[in-house]
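Please keep the sequence and the structure at hand while reading.

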Amino acid sequence: AAGDFDPYRILGVGRSSSQADIKKAYKRLAREWHPDKNKDPGAEDRFIQISKAYEILSNEEKRANFDRYGDAGESQGYSQHQHRQFHHFHEGFYFDESFFHFPFNSERRDTSDDKYLLHFSHYVHEIVPDSFKKPYLIKVTSDWCFSCIHIEPVWKEVAQELEALGVGIGVVHAGYERRLAHHLGAHSTPSLLGLVNGKITFFHNAVTRENLRQFVENLLPGNLVEKITDKNYVRFLSNWKKENKPHVLLFDHMPAVPLLYKLTAFAYRDYLSFGYVYVGLRGTEELSSQYNINVYTPTVMIFKEHVDRPADVVQARDMKKQLMDDFLSQNKFLMAARLANQRLFQELCPVKKSHRQRKHCVVLLTGEGEKFAEAYEAFLTFAVANTKDTLKFAHVYNDRQPEFADALLTEKEKYRGKSAVVILERRNNAGKVAYKTLEEAWQGSKEDNFILLDLLDQLRTDPGLLSSETVLADLNDELAPMFLIRWLYSTLDYISDCWDSLFHSNWREMMPLLSLLFSALFILFGTVIVQAFSDSSDARDSPPSEKEDAAAKTMKNDVSFSKESNRIPKKGFVEVTELTDINYNSNLVRLRPGHMNVVLILSNSTKAVLLQKFALEVYTFTGSSSLHFSFLSLDKHREWLEYLLEFAQDAAPIPNQYDKHFLERDYTGYVLALNGHKKYFCLFKPHRAGDEGGTPGSREDYDSSLHTEARGKPSCSPGSRSIKNKLHKLSFWMEHLLEGSLQRFYIPSWPALD
């Protein structure tokens, strides 16, 4: 009876509730009692009551009738009732399927995919990052899909099989997750796609077990596992030093590399290098005999710094993913790994979380070459004998990580050309560490071993032993590929994506790219055609005059002032001031950040010639407001210059009291680019006169001709010509200066100019 039906009670809202509260309550209850979600026998009847209650309370007229008479008056306005039902379905509310007898209702639907269901936020924040560790196989399905039912048995079998091997499985319901389905590019159901390294690849073959396994295997990179035989196993295992990672050998009697091994290699590719040995192949007998391999049992061996014996071994007739994960996760690093990047440093030496979880690192600061080999071997032997969960060992090459070594070695002269050992503990992620450096250089002797072992024993009971603190900058990434190689790989990936999209993706995805491409071609060819017609018409209408011909020849010959630089000079001259004790602070010491003073070194005898050549070389750079130009008299300020040059590598010899010819050293033609704010300078050393012989048609002849025209008289004496050659290629040096590719020499403070 109508009197027993109370929509307010069914939705759990009060009579004064707003439409927003009613709508919110309806959505919550509809999700809870939908027959597809709730297996309770009375869920279907309950869902019908919830829908009917919302239908009444969402309509102001029906709600008013119910409040007044206890009846919504549903017999009136049948067409409005039908319109409200369609409106609810259009807004995404659940439609009642119980009135229809299709095979999609709650009694016949397979619920095995529920644990694989993906949502948009879950996919973006968890699945995509996880795809860099394992591939994902994703199915896009919907309710009204007969083909989805057809592939369901094969999908269920393959999903269970691949999930046990380490493949991620996902299911997207296109009806409930339209945003995610559109993001994946799945515009029809069913769709199967793979996700690896954040890249989506669609499956286009017949849905069979073999095709799906091959599809997942093709998602993985092709160079994950190297085939190993008697001929190449020594080379493979010896690459541990170059790659800075342990090497894994997988022995099995299968001709092809099993998918489990490939998936494991993909998951640990950043830490380990993998090789596969087919023990039934001729040419692997020596390898199997040397390491005593049981050809009937799959075997996994890990090799670290020693290629003649494995660091760890595991054998199992039925190799499982969990067994391999446990085995490899305990052997991800070398016994004394080289700190080649910041990520490796953070994983080997994690920040302490509590006093009970202190973890210390013993780092060998050494160099490359045979000179340091003995010290490294002794350190490695000590590391093998004393490595624990709370104590890790590593080494650093000083020349590759100079900032790291300088921060930990306060007495640099004491350890010059020698190895040093530092015990450290990371305090926070900002780079703060507590450390202690062994007082004597590490030579690997028994005494050194006893001293280090004694310090480690004291550290267990006295954490305050690490009395020094410093802040370490991030390590340089020694293994990062060059920019050109990264750019080449990115280009190849983009071309591959476009090729795959062109032949396999639907045209709805390709339309934006095609529209952009045709628009660019239209603009390009349209501009060329219009320019061609306008040039031809101008040429017919106005022939060039003699004055324009002369100007064109001048512009063609004036390479130095127009074509060599895109900086347009603002003045017709170069303003060069002398650097003296009066303007020293304003022109250098207190120079604004980002500004540099380019200083030419000259003497009284070479002043005129060098200034003219200097002006010609730097004229095209005067348009930059951050550059200032000065000259310094060598006769007045030789001591100031020699002090600066001591900070440059081999730029000037260190003065010796027995060197009689030191004061006669000629520094004329040197150019210094001084950054007063950051306290560094770049150095240009002049070319010798014989290096660039001034051949006819050379740049020197061209500069001399410009100088002759400017002065009105020739200047061709051999002395002035050799002096001018000192500033040869100064303009190219200026180009590198603005690019920031020149070597910088830092000084603690600017010396006084007196």
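How many salt bridges does the count come to? In this predicted model, the count comes to 25 salt bridges.

## Charged pairs at partly exposed positions

Side chains of opposite charge can pair when their charged atoms come close. One of the pairs consists of Asp-318 and Lys-320, whose side chains meet in a salt bridge with an N to O distance of 3.1 Å.

Another salt bridge is formed by the side chains of Glu-368 and Arg-400, at 2.9 Å from N to O. This pair links distant parts of the chain, since Glu-368 lies in the loop between β11 (360-366) and α16 (373-386), while Arg-400 lies in the loop between β12 (391-397) and α17 (402-408), 32 residues apart. Glu-368 is partly exposed at 37% relative accessibility, and Arg-400 is likewise partly exposed, at 32%.

## A buried pair within a helix, and a network

Lys-613 and Glu-617 form a salt bridge in which the closest N and O atoms are 3.1 Å apart. Because these residues are 4 positions apart in helix α24 (residues 607-618), about one helical turn separates Lys-613 from Glu-617. Are Lys-613 and Glu-617 buried or exposed? Both Lys-613 and Glu-617 are buried.

Salt bridges also occur as a network, which links Glu-161, Arg-209, Glu-210 and Arg-213.

## The enclosed helix α25

Helix α25 (residues 638-645) is largely enclosed by the rest of the structure, because 6 of its 8 residues are buried. The buried residues of α25 are Arg-638, Trp-640, Leu-641, Glu-642, Leu-644 and Leu-645. The elements that cover these buried residues include the helix α23 (584-589) and the strands β17 (596-602), β18 (627-633), β19 (671-675) and β20 (680-684).

## A mixed, open sheet

An open sheet of 5 strands has the order β5-β7-β6-β8-β9, with mixed pairing. The edges are taken by β5 (225-227) and β9 (312-315), each of which has a single partner strand, so that one side of each is left without a neighbour in the sheet. On average, and with direction ignored, neighbouring strands of this sheet are turned by 20° against each other.

At one end of this order, strand β8 (residues 299-303) and β9 run antiparallel and are joined by 4 bridges. Val-300 has Val-314 in β9 as its bridge partner.

How values were computed: Residues are numbered from 1 along each chain as its sequence is written. This is a predicted model: local features need pLDDT of at least 70, side-chain atom pairs count only at pLDDT 80 or more; totals for chains, interfaces and linings use all residues. Side-chain values use heavy atoms; hydrogens and water are left out. A salt bridge is a side-chain nitrogen of Lys or Arg within 4 Å of a carboxyl oxygen of Asp or Glu. Helices (H or I, at least four residues) and strands (E, at least two) are DSSP runs, numbered from the N terminus. Buried means under 20% relative accessible area, exposed over 50%, partly exposed in between (1.4 Å probe, protein chains only). Contact means heavy atoms within 4.5 Å. Two strands pair if DSSP finds at least two bridges between them. Axes are lines fitted to C-alpha atoms, for helices over the stretch in contact, and angles run from 0 to 180 degrees between N-to-C directions.
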